[in-house]
Amino acid sequence: MPTEQLIASGQFLHLSRFDPQQFDTPVDFTLKNGTQVHISSPGIIRFDPPSTTTRSLVFSCGVHGNETAPIEICDAIAAQLLTGKLQVKQRVLFLFANLPAMDIAERFVEENMNRLFSGAHSQGQGINNQERERAKELELAVAQFFNDETTTHERIHYDLHTAIRASKNEKFAVYPFLHDKPRNKQQLAILHACGVSTILLSESPTTTFSYYSTNQFGAHGFTVELGKVQPFGQNDMAKFQKVRDTMIRLITELDPDFSAFNPEEMDIYRVNQVINKHFDDFKLHFADDLPNFTDFAKGQVIASETDTTYKCEYDGEAIVFPNANVAIGQRALLTVVPTKI
Ligand SMILES: [Zn+2]
């Protein structure tokens, strides 16, 4: 393995995609600044500083292969760490999730990976495709990373995405269901520093990656949506400066000081309806390009299928993640209503 080439170029993602056999067996090396680097498999790289740490950070991207902006952000930061332009002060794990889907510029090859966590990869049909296999491998990488802590650390996992459609609130985060635990306002302040001021509180267990880390490891996990899908190289990176800067501060500063949570600066919603598709004739009753967070009046029909019409239950109820093309049994639409925490 030409480690020198990787350190000189920083091109971890490129090698993972186009020369993956280099990482078929785990690779370990130490950078000049003392940072330990561990590559457990293509697309999975971890940095441990030589000094004492207090925070374990997981940044995953490309769970949907065509959501390129987060992939480019993580790739650029990992390259700066490898080449020594930046130095970690905290433990960090980068996960470039669905490499084959990146190659074909699609959301997934066979199956939506963000419905396969918390063991869902092994249920039903079992591990019979690369998405299921990879979801299991990613879970294991996260588990090992958190379990290797020597003291109690603050655990953060941002699973970074971009949405299929435009959004009235361009950047937003889904805060997974915490069961009976309280929501953490300081974490929302960090998201605000990322330029993410719209938060959607999930109120049930799911099979998403962020729920896995939150539920199994007590991490502050979020599914972070950073804007609209664009092909590689066509993202306006200026739009992501705040999130990139905040990620770098979390990685390179021991105790970064973010401004306190201010409810005035944030729009917080709770999920009201989770609408699953049961029949092939499932249909949305609004335009295909209607932005996320567009709201409706109480009683308005938003979707229908055999035997059922779905209506808004509140004035101001808004739609998020509509997708009539999902498989039968999967979520086709969420509705949300404003709330406070
Ligand atoms: Zn996504």
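**The largest pocket**

The largest pocket holds about 940 Å³ of space. This is a predicted model, where local features need pLDDT of at least 70, side-chain atom pairs count only at pLDDT 80 or more, and totals for chains, interfaces and linings use all residues. Residues are numbered from 1 along each chain as its sequence is written, and side-chain values use heavy atoms, without hydrogens and water.

On a 1 Å grid over the protein atoms alone, a pocket is an open set of points where a 1.4 Å probe fits, with protein on both sides within 12 Å along at least five of seven lines. Lining residues have an atom within 4 Å of a point. Points join across faces, edges and corners, and the volume is the space filled by probe spheres set on them.

The lining has 42 residues. Nearest the centre lie Asn112, Asn114, Arg115, Thr208 and Arg331. By class, the lining has 14 nonpolar, 20 polar and 8 charged residues. Here Ala, Val, Leu, Ile, Met, Phe, Trp, Tyr, Cys and Pro count as nonpolar, Asp, Glu, Lys and Arg as charged, and the others, Gly among them, as polar.

Now the elements. β6 (154-163), β9 (220-228), β10 (267-276) and β16 (331-338) each give two or more residues to this lining. The largest share, 5 residues, comes from β10. Strands are DSSP runs (E, at least two residues), numbered from the N terminus.

Domain 1 (3-264) and domain 2 (274-335) each supply at least three lining residues. These bounds come from an automatic or database domain assignment.

Definitions and conventions:
Helix = DSSP H or I, 4+ residues; strand = E, 2+ residues; numbered from the N terminus.
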